[in-house]
Amino acid sequence: MESKMERMSSSVQSWVEEHKLTAIGGVWAAAVGASVAYSRRKAPQRATGLRLIHARMHAQALTLAVLGGAALWHYYGDASKKRRADELDYDFYSQLPPATDADGNENQRWSW
């Protein structure tokens, strides 16, 4: 029986798979907010423009890390490799057009 935490984790994972850009944008916005809040608390004398510049840089670094992790997950994930291998058909003859159409007439691509 699945625990509540496992079900929640799988539902979050499925939501992120469906809404990739929203998730990345949310991570970026949360990082900007957290960085501004942190710098406001640690260095209140710093100018607002400088705080925003630093917050943007921190958010970009975190976003790049998240994108890198997603790329690694996609590239090295076992489930995605198995799924892609099952969907692809490398048989040469399956790629050719049919020799006859639905009525039994010879396909023009095959007539010389």
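Predicted model: local features only at pLDDT ≥ 70, side-chain atom pairs only at ≥ 80, totals over all residues.
Okay, the overall layout. The protein chain has four helices and zero strands. Reading from the N terminus, the elements go α-α-α-α. And how much of the chain counts as buried? Of the 112 residues, 11% do.

Let's go back to serine 35, then. Its relative accessibility is 10%, and since buried means under 20%, serine 35 counts as buried. If you look across from there, you'll find arginine 51: the C-alpha atoms of serine 35 and arginine 51 are separated by 8.1 Å, with the two residues sitting 16 apart along the chain.

Now, alanine 37 lies in helix 2 as well. Buried or partly exposed, what would you say for alanine 37? With 47% relative accessibility, alanine 37 counts as partly exposed, because that value falls between the 20% limit for buried and the 50% limit for exposed. Arginine 51 turns up here again: C-alpha to C-alpha, alanine 37 and arginine 51 are 9.2 Å apart in space, and in sequence they are 14 residues apart.

Right, on to the helix pair itself. Helix 2 covers residues 20–42 and helix 3 covers residues 48–76. Their axes come within 8 Å and cross at roughly 140 degrees. That makes helix 2 oblique to helix 3, because the roughly antiparallel label is kept for angles over 145 degrees. As for the hand, helix 2 passes helix 3 in a right-handed crossing.

Last stop, helix 1, which is residues 4–18. Which residues form a nonpolar patch on the surface? They are Met5, Met8, Val12, Trp15 and Val16, and together they have about 490 Å² of accessible area. Take valine 12 as one of them: valine 12 has its place in helix 1, and with a relative accessible area of 47%, valine 12 is partly exposed. Patches like this are made of residues with over 30% relative accessible area, so valine 12, at 47%, clears that cut-off.

That's my tour, so over to you.

Key: Residues numbered from 1 in each chain as written. Heavy atoms only, no water. Patch = residues over 30% accessible without salt bridge, like charges linked within 9 Å, V, L, I, M, F, W, Y side chains within 5 Å. Areas by Shrake-Rupley, 256 points an atom, 1.4 Å probe, with all protein chains shown as cover. Salt bridge = Lys/Arg side-chain N within 4 Å of Asp/Glu carboxyl O. Helix = DSSP H or I, 4+ residues; strand = E, 2+ residues; numbered from the N terminus. Buried < 20%, exposed > 50% of the residue type's maximum accessible area, 1.4 Å probe, protein only. Axes fitted to C-alpha atoms, helices over the stretch in contact; angles between N-to-C directions. Parallel < 35°, antiparallel > 145°, perpendicular 65-115°, else oblique. Left-handed = near helix turned anticlockwise from the far one by under 90°.
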